[in-house]
There are 2 protein chains.
Amino acid sequence: MNILIIEDDKTISALMGRTLTGAGYDCEFAFDGEEAEELFDSHPWDLVLLDLMLPKVSGYDLLEYIAPSKTPVIIVSAMGQVNDRIRGLKMGADDYICKPFQVAELLARIEAVIRRTAPTDDVFDYKGVSVNNVSRVVTKDGETVPLTVKEFDLLSMLINNRNVALSRKQLYEYVWKEEYYGETRTLDNHIKRIRQKLGYEDVIKTVFGIGYRFETEEAGC
Amino acid sequence: MNILIIEDDKTISALMGRTLTGAGYDCEFAFDGEEAEELFDSHPWDLVLLDLMLPKVSGYDLLEYIAPSKTPVIIVSAMGQVNDRIRGLKMGADDYICKPFQVAELLARIEAVIRRTAPTDDVFDYKGVSVNNVSRVVTKDGETVPLTVKEFDLLSMLINNRNVALSRKQLYEYVWKEEYYGETRTLDNHIKRIRQKLGYEDVIKTVFGIGYRFETEEAGC
DNA sequence: GGACTCCAATGAACATACTTATAATAGAAG
DNA sequence: CTTCTATTATAAGTATGTTCATTGGAGTCC
């Protein structure tokens, strides 16, 4: 996993570098917009961390430049206003983190984005249920089952990590992204609705005290 | 999707290879004209990236050789003059990109060409409705149904991506291109008129929270 | 092992907030 | 002028988050 860190403040840049290297990522650094474009083009990246306030080329221009490549981007910026956040995410960023940030939060968000943008199966079949990630159609025994956006995203996350116990936090962060401000019973309800609609009472297992796990027969792997 | 990269400069060739592999394409490489002809004939390709300055066989000859096969070609060349560009496109290339290029631009153009040259049916028939992409004539039960430009483009996009949930954004960007400045109810109205004119109320499905999907019987695939 | 307690999870109902459909109107293009 | 397209307002439909009463699991103590 290689990460491109675009950040003009060398203190912050170094901090991020140390943190990520420590966590096993390879990092390279750009300190202004021009450098960033060059480095970005030089080879493919798994993730870009982008500061919005940069010398030479604005962060937004850079984001526009990066977006078509589909490389995941996390914006790291002091401009903590809602507008910037929305604008950034609308322009194709995958997440947004405000300075000053907690190292743990940075790491968590990076992991979440990497997981979220990992390639997914187009079609998944199990026990008469078929989940099509392209058409976003879910069928059970041939009948179409209408799932809402949140339900679909949640199911999709569980399936893409099948036989893995996912914590409530992970699930919230994947499905609800930045609108997650702590525990409620929302997740439970969505789980309930999915189980009900698909007859998956025994497939989506509750992992008590942790979260949930989508269990298939070939579990042990 | 497999792409043939014809490029004698190994640095550039490798850069393209990394980029495209990272984006999920399969790549193979030819470093001179002879190799290129051989490899090109060995099996079918979805796309050819062609450098015009090559050892042994000139890029133009190669283009002439490739053109009859209808395989999409993007010329990648340092000869950035208008003449070359025109000559290349006249000879049947689908796009032209100049060195040095930005990786993001390369990817964007590749995607555009693939989308553009994707086998669109000249004629599409479904439930008594016939859509002719060449004459732009639409008939229902033998009667001609007059569609406006926007309506036709929209319908065409939906049909060419049938059974795929297309986001509102994608639809806006395809039909309205750069005149898209955010959400209004324009798209809804066009969808409504198409449904009405063609009796497609149940064929063009609303994907709540996402956009629309043109659904045919063989949906599950 | 059985009874007890604490805490987590479930499930139903409801209010709110979004999203989409529809129709009417205004504006632009030919 | 006529036709097409975009905008706006309003209505209808759908999803979502929260609350709360209830159920169930895990550990502890006797």
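Visitor: Which strands pair with S11 in chain A, and in what sense?
Guide: Strand S11 (residues 204-207) of chain A pairs with strand S12 (residues 211-214) of chain A, in the antiparallel sense and over four bridges. Please keep in mind that this is a predicted model.

Visitor: Thanks! Which residue stands opposite A:Ile204 there?
Guide: That would be A:Phe214, which belongs to S12(A).

Visitor: And how many residues sit between the strands of that hairpin?
Guide: The hairpin of S11(A) and S12(A) has three residues between its strands. A:Gly209 in this hairpin takes a positive phi, near 80°.

Visitor: Let me zoom out. How many helices and strands are there in chain A?
Guide: Chain A has eight helices and twelve strands.

Visitor: What share of chain A is buried?
Guide: Chain A has 221 residues, and 48% of them count as buried.

Visitor: What about contacts in chain A between residues 24 or more positions apart?
Guide: Taking the contacts in chain A with a separation of 6 or more, 53% come from residues 24 or more positions apart.

Visitor: Can we switch to salt bridges? How many are there over all chains?
Guide: The count comes to 23 salt bridges over all chains.

Visitor: Show me one. What does A:Lys197 pair with?
Guide: A:Lys197 meets A:Glu151 in a salt bridge, side chain to side chain, at 2.8 Å from N to O. A:Lys197 lies in helix H8 (residues 186-198) of chain A and A:Glu151 in helix H6 (residues 149-160) of chain A, so the pair ties together parts that are 46 residues apart in sequence.

Visitor: Is A:Glu151 buried or exposed?
Guide: A:Glu151 counts as buried, at 3% relative accessibility.

Visitor: Which residue does A:Lys169 form a salt bridge with?
Guide: A:Lys169 bridges to A:Glu173, and their closest N and O atoms are 3.6 Å apart. Both residues lie in helix H7 (residues 168-175) of chain A, four residues apart, which is about one turn of the helix.

Visitor: What about A:Asp188, which residue is its partner?
Guide: A:Asp188 forms a salt bridge with A:Arg185, with 3.1 Å between the closest N and O atoms. Elsewhere, A:Glu7, A:Asp51 and A:Lys99 are joined into one network by salt bridges that share partners.

Visitor: New topic: where chains A and B touch. How many residues does each chain give to the contact?
Guide: Chain A gives 17 residues and chain B gives 20 residues. The area buried between chain A and chain B is about 1300 Å², and carbon and sulfur atoms give 58% of that.

Visitor: Which residues of chain A lose the most area to chain B?
Guide: Those are A:Asp41, A:Pro44 and A:Ser135, which together make up 29% of what the chain A side buries.

Visitor: How many salt bridges are there between chain A and chain B?
Guide: The count between chain A and chain B is zero salt bridges. For residue pairs in polar contact between these chains, the count is two.

Visitor: And which part of chain A gives the largest share of its side?
Guide: Helix H2 (residues 33-42) of chain A does, with four residues. By type, the chain A side that touches chain B divides into seven nonpolar, five polar and five charged residues.

Visitor: One from chain B, please. Where is B:Ser77 found?
Guide: B:Ser77 is in strand S4 (residues 73-77) of chain B. At 0% relative accessibility, B:Ser77 counts as buried.

Visitor: What is B:Ser77 in contact with?
Guide: Leaving aside neighbours within four places in sequence, B:Ser77 is in contact with B:Asp51, B:Leu52, B:Tyr96, B:Ile97, B:Cys98 and B:Lys99.

Visitor: Last one: where is A:Ile114?
Guide: A:Ile114 is in helix H5 (residues 103-116) of chain A, and it is buried, with a relative accessible area of 17%. Not counting residues up to four places away in sequence, A:Ile114 touches A:Met1 and A:Tyr25.

Definitions and conventions:
Residues numbered from 1 in each chain as written. Chains lettered and ligands numbered in written order. Predicted model: local features only at pLDDT ≥ 70, side-chain atom pairs only at ≥ 80, totals over all residues. Heavy atoms only, no water. Salt bridge = Lys/Arg side-chain N within 4 Å of Asp/Glu carboxyl O. Helix = DSSP H or I, 4+ residues; strand = E, 2+ residues; numbered from the N terminus. Buried < 20%, exposed > 50% of the residue type's maximum accessible area, 1.4 Å probe, protein only. Contact = heavy atoms within 4.5 Å. Buried area = accessible area lost by both parts, 1.4 Å probe. Polar contact = N/O pair within 3.5 Å; in protein donor to acceptor, adjacent residues only side chain to side chain. Nonpolar A, V, L, I, M, F, W, Y, C, P; charged D, E, K, R; others polar. Pairing = 2+ DSSP bridges.
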